[in-house]
Amino acid sequence: MSAERETRLIVISPASEITPDQVSRAIHAMGKNVTVKESCYGAVVEGQRDIVRQVVSEIKSMDPNGVFSKVRAYPAGDPRRCRAHHGTRPGFAQLEQEWNDLWKIQYGLDRADRGEKARKRKTPGKLPVGEFKKICEVKR
């Protein structure tokens with residue numbers, strides 16, 4: 001990627017009501033000079049950096065707490081990473097895990113927007129030795 005171009009992943013929270021199809025259609029409807037590739041988790045957008053960031057900003061406005069974005073290291077269709085060119089998919093497991101956790105972030109952001117405060121979590125105390133011994137004996 002050059003300094004002027006950027007490829008970004010747009011990832012939709014599993015709790016969002018927006019679909020990858022809606023995201024890609026909305027980007028195409030903007031008429032911007034970007035490349036869009038719909039994916040199972042959202043879309044890949046590539047183009048001039050300022051235009052890509054403008055597109056991402058407009059897509060985020062569809063669901064501010066349910067749409068996330070991050071920079072992708074390789075351009076869309078890069079033969080080193082594209083399965084169509086028998087490339088590998090390192091990082092997919094990480095993306096999949098991030099996607100699975102987005103609903104938690106969305107949940108927190110939604111509550112923060114409503115002014116709710118985070119609940120204090122109780123930290124568990126030390127487990128008495130006698131109770132630990134009982135647990136160990138039952139597990140044998």
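Leaving aside its neighbours within four places in sequence, I10 is in contact with V23, I27, Y41, G42, A43, V45, V56, I59, V67 and F68, where contact means heavy atoms within 4.5 Å. Before going on, a word on the source: this is a predicted model, in which local features need pLDDT of at least 70 and side-chain atom pairs count only at pLDDT 80 or more, while totals for chains, interfaces and linings use all residues. Residues are numbered from 1 along each chain as its sequence is written, and side-chain values use heavy atoms, with hydrogens and water left out.

Now the overall layout. The protein chain has four helices and four strands, and from the N terminus on the order is β-α-β-β-α-β-α-α. Both kinds of element are DSSP runs numbered from the N terminus: helices are H or I with at least four residues, strands are E with at least two. Of the 140 residues in the protein chain, 29% count as buried. Buried here means under 20% relative accessible area, exposed means over 50%, and partly exposed is in between, with a 1.4 Å probe and protein chains only. The accessible surface of the protein chain comes to about 10100 Å², and 53% of that belongs to carbon and sulfur atoms. Those areas come from the Shrake-Rupley method with a 1.4 Å probe, and for residues only the protein chains shown count as cover. Among contacts between residues at least 6 apart in sequence, 66% join residues at least 24 apart.

Back to I10 and the inside. Which residues have the most contacts inside the largest nonpolar core? They are I10, V23, I27, V34, V45, V55 and I59, in a core of 15 residues. Strand 1 (5–12), helix 1 (20–30), strand 2 (34–39), strand 3 (42–48) and helix 2 (49–60) each supply at least two residues of this core. Helix 2 gives the most, with five residues. Apart from this core lies another, of seven residues, among them L9, Y41, V44 and L95. For the term itself, a nonpolar core is a set of buried Ala, Val, Leu, Ile, Met, Phe, Trp, Tyr and Cys residues joined through side-chain atoms within 4.5 Å.

On to the charges. How many salt bridges does a search of the whole structure find? The search finds eight, each being a side-chain nitrogen of Lys or Arg within 4 Å of a carboxyl oxygen of Asp or Glu. Please look at E6, in strand 1. The side chains of E6 and R49 meet in a salt bridge at 3.0 Å, N to O. This pair links distant parts of the chain, with R49 in helix 2, 43 residues from E6. E6 also meets R53 in a salt bridge, at 2.9 Å, N to O. R53 lies in helix 2 and E6 in strand 1, so this pair ties together parts that are 47 residues apart in sequence. Is E6 buried or exposed? E6 is buried, with a relative accessible area of 3%, whereas R49 is partly exposed at 29% and R53 is partly exposed at 44%. E6, R8, R49 and R53 are linked in a network of salt bridges.

Another salt bridge joins D101 and K104, at 3.6 Å, N to O. Being three residues apart in helix 3, D101 and K104 are separated by about one helical turn. D101 is partly exposed at 28% relative accessible area, and K104 is partly exposed at 46%.

S24 is in helix 1 and counts as buried, at 6% relative accessibility. The S24 side chain reaches the backbone oxygen of D21 at 3.1 Å. E58 lies in helix 2 and is partly exposed, with a relative accessible area of 33%. Leaving out residues up to four places away in sequence, E58 touches M30 and K32. E58 and A26 are 32 residues apart in sequence and 9.0 Å apart in space, C-alpha to C-alpha.

Finally, the outside. L127, F132 and I135 form a nonpolar patch on the surface, with about 280 Å² of accessible area together. Patches are made of residues with over 30% relative accessible area and no salt bridge: like charges are joined within 9 Å, nonpolar side chains (Val, Leu, Ile, Met, Phe, Trp, Tyr) within 5 Å. L127 sits in the loop between helix 3 (92–113) and helix 4 (129–138), and L127 is partly exposed at 43% relative accessible area.

Definitions and conventions. A polar contact is a pair of N or O atoms within 3.5 Å; within protein, one must be able to donate a hydrogen and the other to accept it, and residues adjacent in sequence count only if both atoms are side-chain atoms.
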